[in-house]
Amino acid sequence: MKYLFASDIHGSRGAAEQVLARYAAEGASRLILLGDLLYHGPRNDLPADYDPKAVIRLLNGAKKEILCVRGNCDAEVDQMVLGFPITADCMLLDLAGRAAFVTHGHVFNLSSLPPLKDGDLLIHGHTHVLTVQQKAGITYINPGSAALPKEGNPKSYMVWEDGLFSIKELDGTVITAYDSRI
């Protein structure tokens with residue numbers, strides 16, 4: 001099993017195209033979107049290639065491949081135009097025997113942890129800052145943003161395969177990796 005995680009597309013047609021191209025190139029079996037799909041929100045700059053209608057068409061073209069959680073910029077009305085569920089606040093995944101709590105990050109995050117056991121994973125976007133860190137017995141992983149990265153980070157996504165997390169630039173170059181099997 002191989003998953004590609006991406007977050008914070010914020011209506012950028014270019015970012016959506018690149019994420020879908022990387023999904024195909026990586027040969028992933030699922031595309032997991034961590035929210036904030038169509039709109040940029042009041043605190044973000046307008047992303048390059050801002051075109052929510054094109055993002056709708058692109059993502060709906062891959063709707064059978066996508067699992068998604070709702071971001072703080074996603075609204076119920078967005079569900080009316082997207083052909084895959086986007087309204088769940090979280091999902092739980094078993095990643096090679098480790099529980100992964102997957103969410104956007106505006107409700108559950110490092111400052112407001114969900115009920116996790118030692119060794120579990122917390123995966124979320126929202127901050128637009130890619131990171132892998134340990135806290136309170138859990139591993140927190142953020143793939144960054146595909147459209148509006150912050151703190152000098154590049155546009156990025158993440159791949160998980162057989163316990164290895166690789167955060168990559170949108171051209172596929174590995175930025176950092178974390179082996180959860182160790």
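This is a predicted model: local features need pLDDT of at least 70, side-chain atom pairs count only at pLDDT 80 or more; totals for chains, interfaces and linings use all residues.
## Side-chain pairs and lone partners

E161 counts as partly exposed, with a relative accessibility of 36%. Alongside them come 4 aromatic pairs and 0 disulfides. The points below take these in turn and finish with R98, a buried residue that has no salt bridge.

**The salt bridge between E161 and K2**

- E161 forms a salt bridge with K2, and the closest N and O atoms of the pair are 4.0 Å apart.
- E161 belongs to strand β9 (residues 156-161) and K2 to strand β1 (residues 2-6), so this pair ties together parts that are 159 residues apart in sequence.
- The two partners fall into separate burial classes: K2 counts as buried at 15% relative accessibility, whereas E161 is partly exposed at 36%.
- Both residues also belong to a network of salt bridges that links K2, R22, E26, E161 and K168.

- D89 pairs with R70 in a salt bridge whose closest N and O atoms are 2.5 Å apart.
- D89 sits in the loop between α3 (76-79) and β4 (90-95), while R70 sits in the loop between β3 (66-68) and α3, so the bridge ties together parts that are 19 residues apart in sequence.
- Here D89 is partly exposed, at 38% relative accessibility, and R70 is partly exposed as well, at 24%.
- D179 forms a salt bridge with R181, with 2.8 Å between the closest N and O atoms.
- In that pair, D179 is partly exposed with a relative accessible area of 23%, but R181 counts as exposed at 54%.

**Aromatic rings**

- One of the 4 aromatic pairs joins F101 and F108 edge-to-face, at 5.3 Å centre to centre and with 80° between the planes.
- F101 counts as buried at 8% relative accessibility, whereas F108 is partly exposed with a relative accessible area of 27%.
- Elsewhere, ring pairs link Y3, F5 and W160 into a cluster.

- With 0 disulfides in the structure, C68 is in none, and the nearest cysteine sulfur, that of C90, is 13 Å away.
- For C73, the closest cysteine sulfur is the one in C68; it is 13 Å away, which is too far for a bond.
- Both of these cysteines are buried: C68 has a relative accessible area of 8%, and C73 has a relative accessibility of 16%.

**R98, buried with no salt bridge**

- What does a buried arginine such as R98 have around it if it has no salt bridge? Its nearest side chain of opposite charge is D120, 6.3 Å away, which is beyond the 4 Å cut-off for a salt bridge.
- The side chain of R98 does reach the backbone oxygen of G119, at 2.5 Å.
- A polar contact also connects the side chain of R98 with the side chain of Y178, at 3.2 Å.
- Leaving aside residues up to four places away in sequence, R98 touches L93, G119, D120, L121, T139, Y178 and S180.
- As for its place in the chain, R98 lies in strand β5 (residues 98-103).

Technical notes: Residues are numbered from 1 along each chain as its sequence is written. Side-chain values use heavy atoms; hydrogens and water are left out. Helices (H or I, at least four residues) and strands (E, at least two) are DSSP runs, numbered from the N terminus. Buried means under 20% relative accessible area, exposed over 50%, partly exposed in between (1.4 Å probe, protein chains only). Rings of Phe, Tyr and Trp (its six-membered ring) pair if their centres lie within 6.5 Å; planes under 30 degrees apart count as stacked, over 60 as edge-to-face and the rest as tilted. A disulfide is a pair of cysteine sulfur atoms within 2.5 Å. Lys and Arg count as positive and Asp and Glu as negative; His and the chain ends are not counted. A polar contact is a pair of N or O atoms within 3.5 Å; within protein, one must be able to donate a hydrogen and the other to accept it, and residues adjacent in sequence count only if both atoms are side-chain atoms. Contact means heavy atoms within 4.5 Å.
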